[in-house]
Amino acid sequence: MISAILFDLDGVILDSNPVIETFWGKWAEREGIPFNKQIIKEKIHGRTTWETIHTLFHHADDVRKQEIYDDGVSFDLTMQPALIPGVQEFISGIADRGLPFILVTSSPHKRAWHFLHQQGLDQHFTDSITMEDVTKGKPDPEPYLKGAAKLGINPENCLVFEDSDSGIKSGLAAGMRVVAVNNSNFDHERVIWMIRDFTELQVEAQQLRLKGQGDSGKLAFRLP
């Protein structure tokens, strides 16, 4: 039984991963650093900006690292990413049914809410866990445990939507069930579904349904 849903931001709500990869790729090229799919998976997605800078550009001095960070902030202000298909309707559906949910992201608070406002989703979200709220980021369970605590819901009754390896590991380590978005790397009993986007899901009266999967694709939820 699910009592709350916890959403990541980039790659789950926002279709922003390609442009984010391009941004970091340009800086890697500028700094003469290798940049490939493995680095993207391990050092980019699901990480805070500063974590990426300190691991990917560990050779750089503090002035250069600050320059990269400031460029990232400016870049975010120009981004206008589309929404992941179906996510707006999905969020509206669970909001209409009164199912609690929260944003749990490695982004700074200002960035996260900038994009929620830009996409008109700030009318649905009332709270978040962002970079400033944790001492240990994903894949540590702290972000998702704090999200559950804010909602007043036991972790075992929470459902996480995540796309990155580090985010999925964080949700699993928190004892939650996870829906993997565009990520087929995990074979775990609590990774209950793997979806391309939210058009594959249906919000019904008292359950979520994975389209085309019969009874095995149904997950009941309990309203507060």
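This is a predicted model: local features need pLDDT of at least 70, side-chain atom pairs count only at pLDDT 80 or more; totals for chains, interfaces and linings use all residues.
**Entry 1**

I looked up the strand order and found an open sheet of three strands, β7-β8-β9, with antiparallel pairing. Strands β7 (201–203) and β9 (218–220) are the edges; each has a single partner strand, so one side of each has no neighbour in the sheet. From one strand to the next, the twist averages 15°.

I then examined the pairing of β8 (residues 207–210) with β9 and noted three bridges between these antiparallel strands. For L208, I recorded L219 in β9 as the bridge partner. I also noted that helix α5 (residues 87–96) packs on the sheet, where it touches β7 and β8. The direction of α5 makes about 25° with that of β7.

**Entry 2: the largest pocket**

I read the space in the largest pocket as about 580 Å³. Its lining comprises 29 residues, and T49, D76, S107, P108 and R111 lie nearest the centre. Which helix gives the most to this lining? I found that α4 does, with six residues. At least two residues each come from α1 (17–31), α3 (49–56), α4 (62–78) and α6 (109–118). By class, I listed nine nonpolar, 12 polar and eight charged residues in this lining.

**Entry 3: the second largest pocket**

For the second largest pocket I noted about 450 Å³ of space. It is lined by 21 residues, of which N17, E21, H45, D163 and N182 are the closest to its centre. The elements giving two or more residues to this lining are α1 and α2 (37–44). I recorded its classes as six nonpolar, nine polar and six charged.

Definitions and conventions
Residues are numbered from 1 along each chain as its sequence is written. Side-chain values use heavy atoms; hydrogens and water are left out. Two strands pair if DSSP finds at least two bridges between them. Helices (H or I, at least four residues) and strands (E, at least two) are DSSP runs, numbered from the N terminus. Axes are lines fitted to C-alpha atoms, for helices over the stretch in contact, and angles run from 0 to 180 degrees between N-to-C directions. Contact means heavy atoms within 4.5 Å. On a 1 Å grid over the protein atoms alone, a cavity is a set of points where a 1.4 Å probe fits but cannot get out, and a pocket is an open set with protein on both sides within 12 Å along at least five of seven lines; lining residues have an atom within 4 Å of a point. Grid points are joined across faces, edges and corners, and a volume is the space filled by probe spheres set on the points. Ala, Val, Leu, Ile, Met, Phe, Trp, Tyr, Cys and Pro count as nonpolar, Asp, Glu, Lys and Arg as charged, and the others, Gly among them, as polar.
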